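The following report describes selected elements of a protein model and the contacts between them. Please consult the sequence and the structure alongside the text.

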Amino acid sequence: MVTSFNVPRLVIAAPSSGSGKTTVATGLMAAFSERGLAVSPHKAGPDYIDPGYHALATGRPGRNLDAFMCGPELVAPLFAHGAAGCDLAVVEGVMGLYDGAAGRGELASTAQVAKLLRAPVVLVVDASSQSRSVAALVHGFASFDPQVRLGGVILNKVGSDRHEVMLREALEEAGMPVLGVLRRAPQVATPSRHLGLVPVAERHTDALASVSALAAQVRAGCDLDALMALARTAPPLDCEAWSPATALTRGRDRASAPPASGGSSPGNGAEPADPTGALGGPVVAVAGGAAFTFSYAEHTELLTAAGAEVVTFDPLRDEALPPGTAGLVIGGGFPEMYAPELSANEPLRAAVAAFAAAGGPVAAECAGLLYLGRSLDGKPMCGVLDADARMSDRLTLGYREAVAVSDSALARAGTRLRGHEFHRTVIEPGAGAAPAWGFTHPERRVEGFVQQGVHASYLHTHWAAEPSVARRFTEAAAARR
């Protein structure tokens with residue numbers, strides 16, 4: 001049922017990456033949360049790391065809004081799901097305001113998300129090497145797409161009082177409100193490495209201090225009242241909030257049934273059959289801890305709605321899988337940073353190998369793929385796959401269009417999904433005798449491994465785009481009990 005959904009909201013964008021979006025967005029989330037507001041945190045695009053800082057700032061799950069992986073039609077419903085009952089929503093953009101999927105126009109850009117959410121945009125500008133030119137820059141971004149409503153600017157990395165005066169005068173001439181001015185503050189810088197910021201789970205105490213410092217910086221330099229007033233100008237959204245239970249009944253069913261020619265058909269609206277029975281669902285163990293930090297909140301919600309009992313375990317510390325494990329999900333993260341520790345946990349490696357050898361359903365993405373291999377940078381891993389992984393100098397990054405090549409615990413052959421690759425490792429061979437995916441765009445190749453109950457691949461996917469993946473996996477787990 002379509003309803004009118006209204007929550008004050010802002011999209012935090014920038015002319016380019018590195019301008020300070022994460023600093024401002026996370027600082028705003030924390031500063032407004034300190035005022036006692038329930039703040040809903042969101043991130044445009046596929047990034048896993050920034051939402052961890054958002055969650056730390058707000059106490060709520062950081063959620064992604066990705067128009068490529070989930071489709072533009074799901075952006076507003078997923079937003080409404082996350083923001084339900086909140087006083088304010090803050091959406092951190094991706095790259096530059098108008099940058100999206102390569103060769104696809106505005107698709108998956110921050111601008112598209114802002115338009116789909118009917119949300120005002122605040123532009124974060126790195127002003128460290130300009131003065132009056134800032135007005136020309138901001139004017140260009142404000143006029144490029146008339147459907148994008150630029151509500152004001154936050155100036156970042158301002159060098160001095162005199163510098164601030166020159167910037168404000170230029171923007172006043174251009175008629176653009178200045179909603180904040182932040183000085184250079186290296187003390188709140190967050191450490192980075194080869195794939196971006198260091199995740200919260202790896203530096204929780206220091207991350208708390210960083211978020212607190214960001215809140216103080218934003219509180220001192222930004223007009224929070226003016227920003228809240230701008231957020232309240234966002235009009236109501238006419239959409240139905242996404243819910244995992246409804247998604248499982250209405251979602252496309254290509255993962256659980258043979259693909260139909262001509263596309264998908266709507267569900268019949270009936271309640272989904274509970275594959276687990278009324279006495280409790282199968283235990284699905286989900287890898288967590290410092291080495292496996294990449295996860296979309298909706299995956300766990302879909303598994304739970306499908307009837308699974310989701311239990312988190314840490315491959316760095318736990319020497320056994322959770323009791324009763326009937327399904328195993330090993331998502332993305334940084335196993336290359338913890339290869340010695342993962343390798344040293346021989347009891348768990350043996351348990352994972354035994355579970356897979358017995359035909360247990362395993363869904364592994366990126367870091368999970370590496371963990372299931374024979375070795376990682378020379379360190380023994382689980383040995384489920386006859387493949388060896390190592391770090392490389394080459395960054396593999398980008399959206400992918402994929403089709404399932406082999407029947408698996410996740411999907412039937414022919415199921416089409418969009419996903420994202422993001423890694424600096426290589427695995428040899430790159431595909432098994434039964435590959436997981438065939439990429440159809442932007443390049444054509446097969447990738448990943450399907451053997452017995454294992455589905456392992458570099459491809460990150462968002463299950464909200466194909467909810468029957470969660471149902472199929474839960475059914476496979478239930479069959480193992």
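A residue is termed buried when its relative accessible area is under 20%, exposed when it is over 50%, and partly exposed in between, with a 1.4 Å probe and protein chains only. The model is predicted: local features need pLDDT of at least 70, side-chain atom pairs count only at pLDDT 80 or more, and totals for chains, interfaces and linings use all residues. Residues are numbered from 1 along each chain as its sequence is written, and side-chain values use heavy atoms, with hydrogens and water left out.

**Overall composition**

Helices and strands are DSSP runs numbered from the N terminus (H or I of at least four residues for helices, E of at least two for strands). The protein has 14 helices and 24 strands, and 57% of its 481 residues are buried. Of the contacts (heavy atoms within 4.5 Å) with a separation of 6 or more, 76% are between residues 24 or more positions apart.

The buried residues are Thr110, Ala111, Gln112, Val113, Ala114 and Leu117. Ala114, which lies in helix 4, counts as buried at 3% relative accessibility. Leaving aside residues up to four places away in sequence, Ala114 touches Val11, Ala119 and Val121. Its C-alpha atom is separated by 9.9 Å from that of Val75, 39 residues apart along the chain. Arg118 follows helix 4 and has a positive phi, near 50°.

Strand 6 (residues 121–126) is mostly covered, with five of its six residues buried. Two strands are said to pair if DSSP finds at least two bridges between them.

| Strands | Sense | Bridges | Example of bridge partners |
|---|---|---|---|
| Strand 2 (residues 9–13) and strand 6 | parallel | three bridges | Ala13 and Leu123 |
| Strand 6 and strand 7 (residues 150–158) | parallel | six bridges | Val125 and Leu155 |
| Strand 22 and strand 23 (residues 454–457) | antiparallel | three bridges | Phe449 and Ala456 |

Axes here are lines fitted to C-alpha atoms, for helices over the stretch in contact, and angles run from 0 to 180 degrees between N-to-C directions.

**Packing of helices 5 and 6**

The axes of helix 5 (residues 133–144) and helix 6 (residues 161–173) come within 8 Å and cross at roughly 45°. The two helices are therefore oblique to each other; angles under 35 degrees count as roughly parallel, over 145 as roughly antiparallel, 65 to 115 as roughly perpendicular and the rest as oblique. Their crossing is right-handed, a term for a near helix turned clockwise from the far one by less than a right angle, anticlockwise being left-handed. Helix 5 contributes Val134, Ala135 and Val138 to the contact, and helix 6 contributes Leu167, Ala170 and Leu171. These residues divide into six nonpolar, no polar and no charged. Ala, Val, Leu, Ile, Met, Phe, Trp, Tyr, Cys and Pro count as nonpolar, Asp, Glu, Lys and Arg as charged, and the others, Gly among them, as polar.
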